Amino acid sequence: METPGSQSSLHRANLERVVRAVRMAGSLTQAEIARTTGLSAATVSNIVRELKESGTVQVTPTSAGGRRARAVSLSGDAGAVVGVDFGHSHLRVAVGNLAHQVLAEEAEPIDVDASADEGFDRAEQLVHRLVATTGISREKLIGVGLGVPGPIDVETGELGSTSILPGWAGTHPRQELASRLGVPVHVDNDANLGALGEQVWGNGRGAGDLAYIKVASGVGAGLVISGQIYRGPGGTAGEIGHITLDESGPVCRCGNRGCLETFTAARYVLPLLHSSHGTDLTMTRVVELARDGDPGCRRVVADIGRHIGSGVANLCNLLNPSRVVLGGDLAEAGDLVLGPVRDSVARYAIPSAARQLTVVPGTLGGRAEVLGALALVLSEMGDATLLDSAGGSSPGGQVKGEPGTRRNRSASARAGASSEGGRRRTPVGAVVGFS
């Protein structure tokens, strides 16, 4: 048994400290690890050597400031995580390793009217198939991140009734998928995961306060406040699509009239073009035609931007974010949609808040949510789990005089954790560089 303050517990704390620094950054040189952790260069060198021998990290030659250096990252075979993203009409699954590489990724259409059981069946099959293609053993799976297009009740884990997937209301996605796959599952709203993905390695990098706006069949916002995803006590924070723009407007699926969603979401917008462009239009096609100069599509895209800007102005006045990232298909329209967004913000937001705001397109496209799901798992996993599984908990190589840190929760405690299990906010920036 390790005694608090003993050399063995101090060494263990330093091991976890180095692993945590590498996990959060993706890859660091030994000099960067020393600066990040506050440990001496000699201590870092000894710990990296020990972690390499145990198989926890891998070391590759690199350069820093024109000098030769050694880049340290988590070992590619130390474990794997899975991301699952359910959308209105798609299912996307990705498998990544702890070296921040996507090993396999696949998307397939899904019938939005299908039952939840059928959706989970297909997710289970696709996860098994992709994991098999990577050659990773099931014992190496650390967890699954799951994105769903609706609010998750943080008290019950239940998918809310305002979900885009109407047949799924009242289901418990985390429990259902965990029982099928036999590994811990962490679930969140797809907009929150999009925000996490863009914050970690997309166009939200470097912004501690941002909003990720996703416009598809519905409209949602993932909110990052002081570097953390904010969900609210009931898990419904960010339902920007139900801001009222016109009390006499179209009836929304939520039962109110004139919600932002009724002026921007695909299900309401596409019919405006049916008489002139046919009924087979998709939002992707509308954006393509707008970029090619089609006047009708340009007008529709600009109108959507104006309405989104009204909602963003409300966010500015309430939360004062420094950056707004527009995701989904609309982001491909560039300034055709971003220009009207900025114009509305300038008109309706408090001037000081508008001046501090940058509106940018997302860079991850349709992968933002599934990459965010991978990041969610990696932000929830424990460094102790990695060390124990790799045999890195030995008391050898004790270090004198180096400060220790409080240990992470045990692996057993982590196994039961999820983003819906309590009023907890998930740290952002836990992994960088999935490709």
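1. **Pocket lining by element.** In this predicted model, seven stretches each give at least two residues to the lining of the largest pocket: β5 (90-97), β6 (102-109), α6 (190-201), β9 (210-215), β10 (219-225), α8 (266-269) and α10 (283-291). Helices (H or I, at least four residues) and strands (E, at least two) are DSSP runs, numbered from the N terminus. α10 has the largest share, five residues.

2. The volume is about 870 Å³. Of 44 lining residues, Lys 214, Val 215, Ala 216, Ser 217 and Asp 329 lie closest to the centre. A pocket is an open set of points on a 1 Å grid over the protein atoms alone, where a 1.4 Å probe fits, with protein on both sides within 12 Å along at least five of seven lines; lining residues have an atom within 4 Å of a point. Volume is the space filled by probe spheres set on the points, which are joined across faces, edges and corners.

3. **Confidence.** Mean pLDDT (the predictor's confidence in each residue, from 0 to 100) is 84, and 86% of the residues score at least 70. Over residues 392-432, pLDDT stays under 50.

4. **Fold totals.** The protein has 16 helices and 13 strands. Buried residues (under 20% relative accessible area, 1.4 Å probe, protein chains only) make up 53% of the 435.

5. **Conventions.** Residues are numbered from 1 along each chain as its sequence is written. Local features need pLDDT of at least 70, side-chain atom pairs count only at pLDDT 80 or more, totals for chains, interfaces and linings use all residues, and side-chain values use heavy atoms, without hydrogens and water.

How values were computed
Contact means heavy atoms within 4.5 Å. Buried means under 20% relative accessible area, exposed over 50%, partly exposed in between (1.4 Å probe, protein chains only).
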